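Here is a walk through one model, from a helix to a sheet to the nonpolar cores. Keep the structure open as you read.

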Amino acid sequence: MLKPTQYELVNYLDGHRFQDSGWDLADKQSSSPSLIRADYSNKKFSPREDLEGLYRYAEWLPVKRTLKGSHRPVTYKSEGLAGYLGLKNLYITFSGYFPERGADMETCSFKETEAYSVCGRLAAGTDKVLVVASAGNTARAFAKVCSDNNIPLLLSIPEDNAGALWFRKKLNDCVKIIAAPKGCDYFDAIYLSDVVCKDPMFMAEGGAKNIARRDGMGTTLLSAVETIGRIPDAYFQAIGSGTGTIAAWENNLRLIEDGRFGTHKMRLYPSQNDPFTIMYDSWKADSRQLVPLSPEDARHQASVIKAKVLSNRKPPYPIAGGLFDAMKDAGGDMFKVNNDEIDFWKAKFLELEGVDIYSAASVATASLAQAIEEGKVGSDEVIMLNITGGGEKRSKAEFDVIQAKPALVLDPALPEEEIISKVKELFK
């Protein structure tokens, strides 16, 4: 039985503390935009032996209940890739389907960590429809969790990414999907979700602003530290929004407060798929503000990159407590990886580690190779490589899958009232 986790909310910008009213996404008293954080009553990293899956880390998740079907990330010490790269202490944190390593995420993506945490933050019997915008993997994860646990959900995706909506069984009717037309991008899907949430029938999941999303993603670091026994020296991950890297940094700070796993901040090395490099370009310009990127250029860049999920043109990079602050505090650097490098490292990872990985995970792997070549990490350092998705090809070979389709394709240029009306009809 899970008692609701005890915590206070803290405004990163000014340190203001307040109680969570249930679904706070920001500090209403804040003078400027800022992420809020959960400050847990339990300051010790305390995995729960009595809880399964992701909820093993419930002491540092803002959850009121557990949901069925969750799995946690798995961390193991690499031999194949480590030997190829000349690293003595490379640890791979794997989220996906890799049964030999104990990884059994049905959707093959670490987005499950977000979904089980966010939906666990929801009180049972909530009468509103949860709304989630996604470029693909997040949609699949939330659809699975909400379908399995009978939680009303509206997903908003770009139609070009609808191929990501595959499942091992037919979705429960409580899950509805809308899409922005072909040629649109993730930001267009976000726009549709924002419009729908103007109606009181719906509630925004909140993205990076939701503490449950970040702390769910942060379980990747908790998995690594539980396996390694200490905070890593360096952290590698591909980013679309940067939320996962922010989450790792936040849990790093909690682990420092614990004190038993080291008192250092691991350097952060996030990476993007060239040419969609808005955060890379901003970081290299030493700019908190994002460099200009027109909607037209963003849509073109999103159309040519292989790691489609890494295409958020308004990520939580500049906001207080966002990625810019995380990297300035922890140190590190950003990398960009082209499509050819993705193909090379996908094949190499399969050869060396024995499992297929997503393009985004290949971006992270390629960036690790770049960091070694540039001398940014040492061969003796403890390195965490966050493989955020993999095993899909194997999973589809072993299980029959069903492709879900959007119930509505909605032009973002439609009047807001028409968008809302059409979506509400889906839930009648």
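**From helix to sheet to core**

Start with helix H12, residues 359-373, in this predicted model. Its 15 residues, at 1.5 Å a residue, should span 21 Å. The end C-alpha atoms are 21 Å apart, so expectation and model agree. H12 is mostly covered, with 13 of its 15 residues buried. Just after the helix comes Gly375, whose phi is positive, at about 75 degrees.

Turn to the sheet. Strands pair through backbone hydrogen bonds, either parallel or antiparallel. Here, 5 strands form an open sheet in the order E12-E8-E9-E11-E18, and the pairing is parallel. Strand E12 (202-204) and strand E18 (408-409) stand at the edges. Each has a single partner strand, so one side of each lacks a neighbour in the sheet. Strand E8 (residues 129-133) runs parallel to strand E9 (residues 153-158), and 4 bridges join them. Ala133 has Ser156 in E9 as its bridge partner.

Now the interior. In soluble globular proteins, nonpolar side chains tend to be buried together. The largest nonpolar core has 45 residues. Phe45, Leu255, Leu268, Leu323 and Met334 have the most contacts inside this core. Among the elements that give it two or more residues are strand E1 (7-11), helix H7 (243-258), helix H10 (323-330) and strand E16 (382-387). A second, separate core has 37 residues, including Trp23, Tyr55, Cys119 and Val132.

Which residues does Phe45 touch, leaving aside those up to four places away in sequence? They are Tyr57, Trp60, Leu222, Val225, Glu226, Leu255, Asp258, Arg260 and Phe261.

Methods
Residues are numbered from 1 along each chain as its sequence is written. This is a predicted model: local features need pLDDT of at least 70, side-chain atom pairs count only at pLDDT 80 or more; totals for chains, interfaces and linings use all residues. Side-chain values use heavy atoms; hydrogens and water are left out. A nonpolar core is a set of buried Ala, Val, Leu, Ile, Met, Phe, Trp, Tyr and Cys residues joined through side-chain atoms within 4.5 Å. Buried means under 20% relative accessible area, exposed over 50%, partly exposed in between (1.4 Å probe, protein chains only). Contact means heavy atoms within 4.5 Å. Two strands pair if DSSP finds at least two bridges between them. The expected span of a helix is 1.5 Å times one less than its number of residues.
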